[in-house]
Amino acid sequence: MNRPETIEGTQVWDLALRMGGQVRAIPGALLGWDMSAALALGDALGVPPLAMAELLPVIEAEMVRKLNEELAANDGPG
C-alpha cells in the first residue's frame, strides 16, 4: 500500500529510513527532521533534489504525527 512507485520514491524512502538520528525534538515531543542534514545526506547519496523537496516533507509530517501519538500514549497515566 505504501510502497514507493518510482526509483526516486524508493531513493527518498531509503533516505527517510536513514534519518533516525537527525531529529529535532523538545521534551515530550518530536518536531521533525533536521532538513539541512536530510538534504546533505540525500545529495551525498545522489537522490534527486526535486524528489527530496516533494516527498520528504510528506514523509516527515506522517512520521512526526505517529511518533508524537506514541509518545503521548506512553506518557499517559499507567
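Predicted model: local features only at pLDDT ≥ 70, side-chain atom pairs only at ≥ 80, totals over all residues.
Student: How are H1 and H3 set to each other in this model, and why is that word used?

Tutor: Start with the angle between the helix axes. H1 and H3 pack at an angle of about 50°. H1 and H3 are therefore oblique to each other. Their axes lie 10 Å apart.

Student: What is the hand of the crossing of H1 and H3?

Tutor: The crossing of H1 and H3 is right-handed.

Student: Which residues of H1 and H3 meet?

Tutor: Look for residues from each helix in contact. From H1 come Glu8, Gly9, Val12, Trp13, Leu15 and Ala16. They meet Ala51, Met52, Leu55, Leu56 and Ile59 in H3. Sorted by class, this contact has 9 nonpolar, 1 polar and 1 charged residues.

Student: At what angle do H2 and H3 pack?

Tutor: Helix H2 spans residues 35-45. Its angle with H3 is about 130°, and the two axes are 12 Å apart. H2 and H3 are therefore oblique to each other. Their crossing is right-handed. On the H2 side, the contact is made by Met35, Ala38, Leu39, Gly42 and Asp43. On the H3 side, Met52, Leu56, Pro57 and Glu60 take part. By class, the contact of H2 with H3 has 6 nonpolar, 1 polar and 2 charged residues.

Student: How many helices and strands does the protein chain have?

Tutor: Count the elements, then read their order. The chain has 3 helices and 2 strands. Along the sequence, the pattern is α-β-β-α-α. For overall extent, the C-alpha atoms fill a box of roughly 45 × 30 × 15 Å, taken along the principal axes.

Student: Now pockets. What is the volume of the largest pocket, and which residues line it?

Tutor: The volume is about 290 Å³. The lining is Asn2, Pro4, Glu5, Thr6, Gly9, Val12, Trp13, Leu55, Val58 and Ile59. Helix H1 (7-17) and helix H3 (49-75) each supply at least two of the lining residues. By class, the lining has 6 nonpolar, 3 polar and 1 charged residues.

Student: How much space lies in the second largest pocket?

Tutor: About 230 Å³. Its lining takes in Trp13, Ala16, Leu17, Gly20, Val23, Trp33, Ile59, Glu62, Met63, Lys66 and Leu67. H1 and H3 are the elements that give two or more residues to this lining.

Student: Which element gives the most to that lining?

Tutor: H3 does, with 5 residues.

Student: What classes make up the lining of the second largest pocket?

Tutor: There are 8 nonpolar, 1 polar and 2 charged residues.

Student: Where do these lists of residues meet?

Tutor: Follow a residue from list to list. Take Trp13. It lines the largest pocket. Trp13 also lines the second largest pocket. In H1, Trp13 belongs to the contact with H3 as well. Now try Ile59. Ile59 is in the lining of the largest pocket and in that of the second largest pocket. Ile59 is also among the H3 residues that meet H1.

Technical notes. Residues numbered from 1 in each chain as written. Heavy atoms only, no water. 1 Å grid on protein atoms, 1.4 Å probe; cavity = no way out; pocket = protein on both sides within 12 Å on 5 of 7 lines; lining within 4 Å. Points joined across faces, edges and corners; volume = space filled by probe spheres on them. Helix = DSSP H or I, 4+ residues; strand = E, 2+ residues; numbered from the N terminus. Nonpolar A, V, L, I, M, F, W, Y, C, P; charged D, E, K, R; others polar. Axes fitted to C-alpha atoms, helices over the stretch in contact; angles between N-to-C directions. Parallel < 35°, antiparallel > 145°, perpendicular 65-115°, else oblique. Left-handed = near helix turned anticlockwise from the far one by under 90°. Contact = heavy atoms within 4.5 Å.
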